[in-house]
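Dear colleague,

I am passing a structure on to you, and my notes on it follow directly below. Please read them with the coordinates open.

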Amino acid sequence: MEPFAQVPRLGDDRLDDDHDEIRSLAQGLRSASASNRLAAFDALHAQVLAHFAMEDALMAPHDFSSKECHVDEHAAVRQSFEEVRVAVEAGRGDIASRFANHFLSWLPDHADALDRQLAKLLFYRKTGGAAVMLHRSLP
Ligand SMILES: [Fe+2]
Ligand SMILES: [Fe+2]
């Protein structure tokens, strides 16, 4: 059985497609052989950096309650990648697979809690708050 929860769909292809890709790269790191481990780590690392940069840029123009927490969490995970890379480069396969496991547990929670707030904000920006306007127009 699949030991890790699926990443929840958020209804924004930019986020959902990246999450699929990142999840599959983390699965790849988990199962990588010793000779492929560093390349698998670097592929995941690069995709995560690009994804966080995209989300941070989407958040930048807006002010909303979970923004700071979200940006901070990305920064903490970036820092973990930097630290773990040193160990992976030194041949620590145990650390690489533990990190992949932690990452695969973390990703669905992060998406559900923080990325979901971002997806909602982007949706309401795109629709101009249509749902709210409709509600307000009711007698
Ligand atoms: Fe995020
Ligand atoms: Fe995300």
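Donors here are N, O and S atoms within 2.8 Å of the metal (3.2 Å for Na, K and Ca), and water is not among the atoms, so sites may look incomplete.

This is a predicted model, in which local features need pLDDT of at least 70 and side-chain atom pairs count only at pLDDT 80 or more, whereas totals for chains, interfaces and linings use all residues. Residues are numbered from 1 along each chain as its sequence is written, chains are lettered from A and ligands numbered from 1 in the order in which they are written, and side-chain values use heavy atoms, with hydrogens and water left out.

The iron ion (ligand 2) is held by His19 (NE2), His51 (NE2), Glu55 (OE) and Asp115 (OD) at 2.1 to 2.2 Å, and the angles among these four donor atoms run from 78 to 167°, which makes the site irregular. Along the chain, the donors of this ion have the spacing H-x31-H-x3-E-x59-D. His19 belongs to helix 1 (residues 13-31) and Asp115 to helix 4 (residues 93-127), so the pair ties together parts that are 96 residues apart in sequence; helices (H or I, at least four residues) and strands (E, at least two) are DSSP runs, numbered from the N terminus.

Helix 3 (residues 67-89) has 23 residues and reaches 33 Å from its first C-alpha to its last, close to the 33 Å expected at 1.5 Å a residue, that is, 1.5 Å times one less than its number of residues. Its buried residues include His70, His74, Val77 and Phe81, and their cover includes helix 2 (37-59) and helix 4. Gly91, with a positive phi near 90°, follows helix 3.

Overall, the protein has five helices and zero strands, and buried residues make up 41% of its 139 residues. The C-alpha atoms fill a box of roughly 65 × 35 × 15 Å, taken along the principal axes.

Technical notes: Four donors count as tetrahedral if all angles lie between 85 and 135 degrees; four count as square planar and six as octahedral if opposite donors are over 155 degrees apart and all others between 65 and 115; anything else is irregular. Buried means under 20% relative accessible area, exposed over 50%, partly exposed in between (1.4 Å probe, protein chains only). Contact means heavy atoms within 4.5 Å.
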